[in-house]
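Here are my notes for a first look. Please read them with the model open beside you.

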Amino acid sequence: MQFKVVFQKNRPWDLGKESETQQNTKIHTNIFGSWTPVVFPQTRLFRMSSEEDFSLVSEDDPSFTLKSIQKDIEKLKEVHDDLVKDCKFLHEAKNSNIKFTQEFRQRVDITKRRLEDENMSQTKALKKEEERLSELQKEEKKLSMEFMKIQQELQTMHETHQSLKQQTEVSTAVPEKKVVFNGETAQEADALSFDVKPHVVYPMEGGTAFITFEEEDVAEKILALKEHVVHLGECSITVRAEPVQFLVPASVEMDTQVCPQRILISNLPKKENMDRILDKLEIHFSKSRYRGGEVDEIDILEDSGNVVIKFIDSNIAKSLTDNQMHEIELDKGKRHKVKVTPFLNGEITLLKTCNTTCHKTVLLTGIPDVMEKDNLQDLLEIHFQKSANSGGEVDAIVYNPVGGRTLAVFEEDMSKPEQNQ
């Protein structure tokens, strides 16, 4: 439908000219995401002055045109209402989006904090696990060392067991020793013990003397006085009495093992020359027909009179000790049986010592060199025998002058043997 608005003027030449503002107007509305064009009816405008009269000229029926305009207005109102609804919807959507964005940011912040907390917790847990792993590694290292130590101890025990087993397999025979029962008995507690005879060599200092009394009480009186004036005729000297103390073994533990190269020979003849016996033993045990071999060393044990032979080959000793009794030829047609036993090497594994005091012996110090050694020693003995000088019967005395060298030997006191039941 078309209609025209004509502004008439007393200038007919202006009629029919279209206005520069004549246009087809289109309104686009966004309803649920779609664009709908709206076209306004075409209108022709003619120029006129404000003083001039105007009249509305329509090519169509005026009543019809007004209804059409009203319909268009109604439609535009609907469009306007739709636009208002769209604006409201968009405003609500915007607010909803803003709210959603805020909630999303809050959720992001919460999630970020939660991740940071989880990160921190995992870091702490990881550190704790690393510390635990480190502790476990230390424990494992410690257990490994203990395991190795136990293995070494087991190996040592195994070697000791083998050594003891070897010793038990060795004949229980010992070198020949003459024994006799003399009527004495012992306590049950002494059945598994043995005695060691003391033999202490004590180096004396110059200007000192050892004096031993028969009674302990006399020695105690001499020690109690400490200093003693000894008259030597025209002069006198002052000596000091001190107790005699030294270290002695209290208990000894030994580890023994069979020597693979040595044998111990006992039951040797007593009346023969020892050098000749050694020669005959070396000749006999060097021969292979007697299961012998090349001899490296041969020695005699002075305390027991037994002989030790060392072979170069380590297999000879075992074959000889399997047969204990061996006959050796001393002279032509004269033979003698000797006993061959394994030789045990001993090593002290535990030695406990203690201080001991000689209750009968007194050490005299500060003795000047004023006369001959023997004369001064006699005068000292005379002085300490007199009861007026708190002395008593002297059992032994030795004097070492200044610059002299004397070794005093202390042995077991046999004057008071133990009472045996």
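**Notes on the predicted model**

1. Start with helix α2, residues 216-225. Its buried residues are Val218, Ala219 and Ile222. They span an arc of only 100 degrees around the axis, so they sit on the same side of α2. As background, an α-helix has 3.6 residues a turn, so residues three or four places apart point the same way. Keep in mind that this is a predicted model.

2. Now turn to the other face of α2. The face turned away from the buried side carries Asp217, Lys221 and Ala224, which are exposed.

3. What do the buried residues of α2 pack against? Their partners are the strands β4 (208-213), β5 (227-231), β6 (236-266) and β10 (334-365), together with helix α5 (373-385).

4. The largest nonpolar core has 20 residues. Those that touch the most other members are Ile211, Phe213, Val362, Leu364, Ile367, Leu380 and Phe384. At least two residues of this core come from each of β4, α2, β6, β10, α5 and β11 (394-400). In soluble globular proteins, nonpolar side chains tend to be buried together.

5. Look at Leu364 in more detail. Residues up to four places away in sequence are not counted here. Beyond them, Leu364 touches Gly207, Thr208, Ala209, Ile211, Val239, Arg240, Ala241 and Phe384.

6. The structure holds 4 aromatic pairs. In one of them, the ring centres of Phe100 and Phe104 are 6.3 Å apart and the planes meet at 25 degrees, so the pair is stacked. The cut-off for stacked is under 30 degrees. Both residues belong to helix α1 (residues 62-169). They are 4 residues apart, which means a separation of about one helical turn.

7. Another pair is Tyr202 with Phe410. Their ring centres are 6.0 Å apart and their planes stand at 65 degrees, so the pair is edge-to-face. Tyr202 is in strand β3 (residues 199-204) and Phe410 in strand β12 (residues 406-411), so the pair ties together parts 208 residues apart in sequence. Tyr202 is partly exposed, at 24% relative accessible area. Phe410 is buried, at 13%. Ring pairs also bring in Phe210, giving a cluster of Tyr202, Phe210 and Phe410.

8. Next, a buried glycine. Gly292 is in the loop between α3 (274-286) and β7. Its relative accessible area is 10%, so Gly292 counts as buried. Setting aside neighbours within four places in sequence, Gly292 is in contact with Phe285, Ser286, Lys287, Ile316 and Leu320. Gly292 and Ala317 are 25 residues apart in sequence, and their C-alpha atoms are 8.1 Å apart in space.

9. Finally, check Asn306. Asn306 lies in the loop between β7 (295-300) and β8 (307-311). Why does Asn306 count as buried? Its relative accessibility is 10%, and buried means under 20%. The side chain of Asn306 makes a polar contact of 3.4 Å with the side chain of Ser304.

Methods
Residues numbered from 1 in each chain as written. Predicted model: local features only at pLDDT ≥ 70, side-chain atom pairs only at ≥ 80, totals over all residues. Heavy atoms only, no water. Buried < 20%, exposed > 50% of the residue type's maximum accessible area, 1.4 Å probe, protein only. Arc of directions from axis to C-beta. Contact = heavy atoms within 4.5 Å. Polar contact = N/O pair within 3.5 Å; in protein donor to acceptor, adjacent residues only side chain to side chain. Phe/Tyr/Trp six-rings, centres within 6.5 Å; stacked < 30°, edge-to-face > 60°. Core = buried A, V, L, I, M, F, W, Y, C linked by side-chain atoms within 4.5 Å.
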